[in-house]
Amino acid sequence: MASGAAIVPAPALAQAQGKEEVEPAGPIIPDDQFEAQLPALDPALGEPLEPIETFEGPPAAEGDPAEPVPDASIPDPALTEPLPPLSTFDVRTPEATVETDDAEPAPVRYSVVVEGLDEIGLEDEFRDLSALEEADGEAANGAMIAARAREDEALAIRLLRSEGYYDGTALAVVEQVPEQPGQLRVVLTAAPGQRYDFGAIDVTGPATVPPDLPRSELPLKSGDPIVAATVEGAEASLMLRLPEQGYPFVDIGPRDILLDPATGLGDYTLPVDPGPRARFGGYRTEGDLAFDVEHVGVIARFERGELYDSRMVDDLREAMVATNLFSSVSAEPVLTGETAPDGTEYIDILVRQDAGPPRSLTATAGFSTGQGFRLEGAWEHRNLFPPEGALRLAGVLGTKEQSIGATFRRSNAGKRDRTVLLTLEAGRRDYPAFEGYTALLSGRIARESTPIWQKRWTWAYGAELIATNETRFRRRDFDQPSDTYFIGGLVGQLGYDTSDDLLNPTSGFRLLGRVNPEASLRVGVTPYIRNLIEGSAYYPVSEDLVIAGRARFGSIYGIDRADLAPSRRFYAGGGGSVRGFGYQELGPKDAENNPIGGRSLTEFALEGRYRFGNYGAVAFIDAGQVYESQFPRLSDLRFGVGIGGRLYTNFGPLRVDIATPIDRQPGESRISLYVSIGQAF
């Protein structure tokens, strides 16, 4: 029957053929003649039946004696007993008792042989996804093995087509392994057939500026194999690249690939609607606001009239996440209907805010030889003075240090990435080099890195005022003399960072320079300059091993050491300096073997960091010295060596280091321990 044919009733078919209807004919014979031909019925059939009592049954056959009908059997006595009350009747269906064998049947074991996929590089991927392989060669019965084999046939065909083998076939056969009862073998044979390559590649849709922009941003090439992952990646790249060049509302239709078995080519067609070409307009914001739309404009890096670029929108969203003020935040373009002079359309950026809890309590703890235990706690309100005006109250309680302080911080202060800090702090420090009571007031404007938003260039400038009362000598045999210092100074800092992580760098390098012009008001006015420069580099030997190195040099120019407040001198030794020595232990010492600091500093460090999962091991050697001269030297360096462990967490590595000094001197500890968060450098 031809396609589209239908079955219709006979009269309708006759009408469809153009024939007339025929009148029905009469009966073949008349009814009276038919009835006359019927035989007559027996008259006895109409007589009444005789009573049942007189009925004797059918007569016995001739020669057979008549057998009397036996009496009814005596009924079961239980049938005459009264029925039990209905309320006591159990209506539950009795459960059938089935005898079972507790022993489970032995599993059916099988092996898998794959043919035809290794030659085209698909066998490993097939085995990773195979239902037969996933079961580790065991099944409850043969039917289960057959079902898995059928599933793997479909998998093999999907893999073949994903690599351009659209004519490929696969067949799985289950067979008994000879001379191995109960052992089956599944042989899956794949026939890839020819591989199809791209023929013509065409992108259809409205015109763009520049012309053929969608085709130029679609990284597909005629003659290359038609691989599914390549096609999907190219289309995803197109969806990413067009919004970076002024088209925020791109829409891609379903692709079409026309295969030609004769040539082995597939012509690819992709409909693309780029949407309107757009420029940045203004900003909108909605939701539970942490700050207003004006501050959104401060954070954004684009201006009204610039060609739309999705990377700028992503940058705005990431910068808002970095404020730590939101539970969630998003940014997306919306149409305005306003046309720019060049015919493009202005779009606004809609920012949806969901403000998170602004308050937090934090605590950190650490330990190092010479510095003892140190516990710091802080309360912070990150948006007490909107926008992004934070107040932080902190206190330090340690073996050698106690302090309290308040810090006001305004991030993105009138400009993206600009931070204003005001700090007021008072505390006591009791170190081997000095004991002092200090009050500090400082102000600073800075561009800083954070763990979320690490920056290549950082800088800071500001001023500080210090009032401190400190001992200059530590003597056990008489009261310790103290001096009061009033210090005013400027702060200048410049940093350059190419490392890949702020707390756990594995590649790149860092450079940092500080210049602090200061004046001591102890006896008259004595100006001087404190300079510090340091650098570190990180080289990944492998995925698990990183070699890290650091160098630091410091100099104080323009003042004698005796006129310099002990807290403003250079010291070396400790977890952030030269491990293997106590805090401030290196450098010149007095008659009581107490460190007295110096005017110049030299430090080096070399580490090998090996990571395995969330744990790590470190071996290191540090070197350094403090000098009385105003310029650093490389003589008389002291060395410390050690090992350490790392526990990697989502907020940085937890560090534990153990070190010992080389050529240990009297009074120096044999073993020094350091516990902190973050790498040593």
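**Notes on the predicted model**

1. The residues lining the second largest cavity split into one nonpolar, three polar and three charged (Ala, Val, Leu, Ile, Met, Phe, Trp, Tyr, Cys and Pro count as nonpolar; Asp, Glu, Lys and Arg as charged; the others, Gly among them, as polar). Those lining residues are Gln371, Phe373, Arg374, Gly398, Thr399, Lys400 and Glu401, and the volume of this second largest cavity is about 30 Å³. A cavity here is a set of points, on a 1 Å grid over the protein atoms alone, where a 1.4 Å probe fits but cannot get out, and a lining residue has an atom within 4 Å of a point. Grid points are joined across faces, edges and corners, and a volume is the space filled by probe spheres set on the points.

2. A word on what you are looking at: this is a predicted model, in which local features need pLDDT of at least 70 and side-chain atom pairs count only at pLDDT 80 or more, while totals for chains, interfaces and linings use all residues. Residues are numbered from 1 along each chain as its sequence is written, and side-chain values use heavy atoms, with hydrogens and water left out.

3. Back to the cavities: searching the whole structure turns up two of 30 Å³ or more. Around it sit Arg550, Gly575, Gly576, Ser577, Arg579, Ala605, Asp622, Ala680 and Phe681, a lining of three nonpolar, three polar and three charged residues.

4. Now the overall picture. The protein has nine helices and 27 strands, taken as DSSP runs (H or I, at least four residues, for helices; E, at least two, for strands) and numbered from the N terminus. Of its 681 residues, 36% are buried, where buried means under 20% relative accessible area, exposed over 50%, and partly exposed in between (1.4 Å probe, protein chains only). Among contacts (heavy atoms within 4.5 Å) between residues at least 6 apart in sequence, 57% link residues at least 24 apart.

5. Helix H5 is worth a look. Spanning residues 142-162, H5 has 21 residues and runs 30 Å from its first C-alpha to its last, close to the 30 Å expected (1.5 Å times one less than the number of residues). Its buried residues are Ile145, Arg148, Ala149, Asp152, Glu153, Leu155, Ala156, Leu159 and Leu160. What do the buried residues of H5 pack against? Their partners include strand E1 (108-115), helix H3 (123-129), strand E3 (169-176) and strand E4 (183-191).

6. H9 covers residues 310-321, and its 12 residues reach 17 Å between the first and last C-alpha, close to the 16 Å expected. Ser310, Val313, Asp315, Leu316, Ala319 and Met320 are its buried residues. They pack against helix H7 (228-241), helix H8 (293-299) and strands E9 (278-288), E10 (326-339) and E11 (345-355).

7. Next, two cis peptide bonds to check. One runs from Val209 to Pro210, with omega near -5 degrees; Pro210 sits in the loop between strand E5 (197-204) and helix H6 (213-216). Another joins Pro386 and Pro387, again with omega about -5 degrees, and Pro387 falls in the loop between strand E13 (372-381) and strand E14 (389-398).

8. Positive phi angles also deserve a glance. Asp417 is not a glycine, yet its phi is positive, about 70 degrees. Asp417 lies in the loop between strand E15 (401-410) and strand E16 (419-430) and is buried, at 10% relative accessible area. Gln584 has a positive phi near 65 degrees. Is Gln584 buried or exposed? With a relative accessible area of 4%, Gln584 is buried, and its place is the loop between strand E22 (545-557) and strand E23 (600-612).

9. Last, two residues with partners farther along the chain. Pro225, in the loop between H6 and H7, is partly exposed at 28% relative accessibility. Its C-alpha is 4.1 Å from that of Asp197, 28 residues away along the chain. Leaving out residues up to four places away in sequence, Pro225 touches Arg195, Tyr196, Asp197 and Phe198. Asn531, in strand E21 (526-540), is partly exposed too, at 26%.

Key. 1 Å grid on protein atoms, 1.4 Å probe; cavity = no way out; pocket = protein on both sides within 12 Å on 5 of 7 lines; lining within 4 Å.
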